[in-house]
Structure formats: structure tokens, C-alpha cells
Amino acid sequence: MAIHNFNYTYQYVSHESVRRSGTDSTPLVSSVTISITAVDQADNSKTITTEETRALDYFYLQDADLPGSFIPLANVTDQNMIDWFKDGIVTADLDGYYTTELYGTAEMNGT
């Protein structure tokens with residue numbers, strides 16, 4: 001076979017934060033953990049749920065002025081965390097990952 005296509009549901013689990021600097025205690029989100037449920041589009045009885053953690057690019061905020069779009073940690077929503085986690089993730093890569101997780105490498109390789 002080949003890579004399967006999945007529908008995804010994301011749920012915020014947790015995050016880690018770091019101080020902006022030794023002299024600025026503003027917390028910056030450094031990583032986000034999300035629960036991802038993948039449902040195979042061809043067979044919705046084939047599902048898998050995993051918890052995934054992704055490091056975020058926060059280093060540029062440590063040495064520069066905080067942008068006007070900066071959201072203080074107290075105001076960050078679960079949806080913000082999910083959006084930051086998903087930023088830069090390609091669905092095709094997730095499809096490949098979850099195909100392997102559900103069906104094994106033989107399915108992924110078409111053997």
C-alpha cells in the first residue's frame with residue numbers, strides 16, 4: 001500500500017516555559033505537548049492517539065524587544081498552544097508517521 005490520509009484532532013496537554021533572561025522573569029513558552037488523535041480517512045475504525053511534544057522557537061524573543069503580537073503567558077489559550085505546536089508541521093509528514101504507527105513500515109514502504 002502507501003501512506004494513508006488521516007483526519008486529526010488536537011488537544012492541549014501541557015507546556016514548558018523559560019524565563020526571558022536572568023534579569024527579565026517574563027515567561028516564554030519553550031515547548032508544547034499536544035494529544036493528537038488520527039483517524040484513517042479510508043477506515044474510521046483505524047485510529048490512534050499519541051502525545052507529542054514540540055520545542056518552540058523562543059530564542060529570538062530573549063534578545064529582542066517583545067513584538068506587539070506577544071501574548072503574556074497568563075493570556076495564552078489552549079488554541080494558541082495548539083496553533084504554535086502545529087506551526088510548520090506538514091500534514092503529509094503526519095500522515096506518514098501515523099501510517100507507520102498504525103500499520104507498520106511494510107505498509108509505509110508499499111510491501
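Tutor: A residue counts as buried when its relative accessible area is under 20%, as exposed when it is over 50%, and as partly exposed in between. Please bear in mind that the model is predicted.

Student: Is R20 buried or exposed?

Tutor: The relative accessibility of R20 is 13%. Buried means under 20%. Because of that value, R20 counts as buried.

Student: With which residue does the side chain of R20 meet in a salt bridge?

Tutor: Side chains of opposite charge can pair when their charged atoms come close. A search of the whole structure finds 1 salt bridge. The side chain of R20 takes part in a salt bridge, at 3.0 Å from N to O, and the partner is D24.

Student: What is the relative accessible area of D24, and how is D24 classed?

Tutor: Buried would require a value under 20%, and exposed a value over 50%. With a relative accessible area of 21%, D24 is therefore partly exposed.

Student: Where is L66 found, and what is its accessibility class?

Tutor: L66 is found in the loop between α1 (60–63) and α2 (78–86). Not counting residues up to four places away in sequence, L66 touches R20, T26 and L61. Because its relative accessibility is 30%, L66 counts as partly exposed.

Student: In what order do the strands of the sheet lie?

Tutor: The sheet is open, is formed by 3 strands and has antiparallel pairing. The edge strands, each pairing on one side only, are β1 (6–19) and β3 (47–55). From one strand to the next, the twist averages 15 degrees. The order is β1-β2-β3.

Student: Which residue of β2 is the bridge partner of E16?

Tutor: β1 and β2 run antiparallel and are joined by 13 bridges. In β2, the bridge partner of E16 is S31.

Student: With which side chain does the side chain of T33 make a polar contact?

Tutor: Not counting residues up to four places away in sequence, T33 touches Y12, V13, S14, E51, E52 and T53. A polar contact requires N or O atoms within 3.5 Å. The side chain of T33 makes such a contact at 2.7 Å, and the partner is the side chain of T53.

Student: Which residues of α2 are buried?

Tutor: α2 lies across β1, β2 and β3, running at about 80 degrees to β2. What covers its buried residues includes these strands, β1, β2 and β3. Following α2 is G88, whose phi is positive, near 90 degrees. The buried residues of α2 are N80, M81, I82 and F85.

Student: What angle does α3 make with β1?

Tutor: Helix α3 comprises residues 91–103. This helix lies across β1, β2 and β3. It runs relative to β1 at about 105 degrees.

Student: How far from D95 is the nearest side chain of opposite charge?

Tutor: D95 is placed in helix α3 and is buried yet has no salt bridge. A salt bridge would require a side-chain nitrogen of Lys or Arg within 4 Å of a carboxyl oxygen. The nearest side chain of opposite charge to D95 is that of K86, at 12 Å.

Student: Which side chain is joined to that of D95 by a polar contact?

Tutor: Not counting residues up to four places away in sequence, D95 touches I3, H4, N5, F6 and Y8. A polar contact of 3.3 Å joins the side chain of D95 to that of N5.

Terms used:
Residues numbered from 1 in each chain as written. Predicted model: local features only at pLDDT ≥ 70, side-chain atom pairs only at ≥ 80, totals over all residues. Heavy atoms only, no water. Helix = DSSP H or I, 4+ residues; strand = E, 2+ residues; numbered from the N terminus. Buried < 20%, exposed > 50% of the residue type's maximum accessible area, 1.4 Å probe, protein only. Contact = heavy atoms within 4.5 Å. Pairing = 2+ DSSP bridges. Axes fitted to C-alpha atoms, helices over the stretch in contact; angles between N-to-C directions. Lys, Arg positive; Asp, Glu negative; His and termini not counted. Polar contact = N/O pair within 3.5 Å; in protein donor to acceptor, adjacent residues only side chain to side chain.
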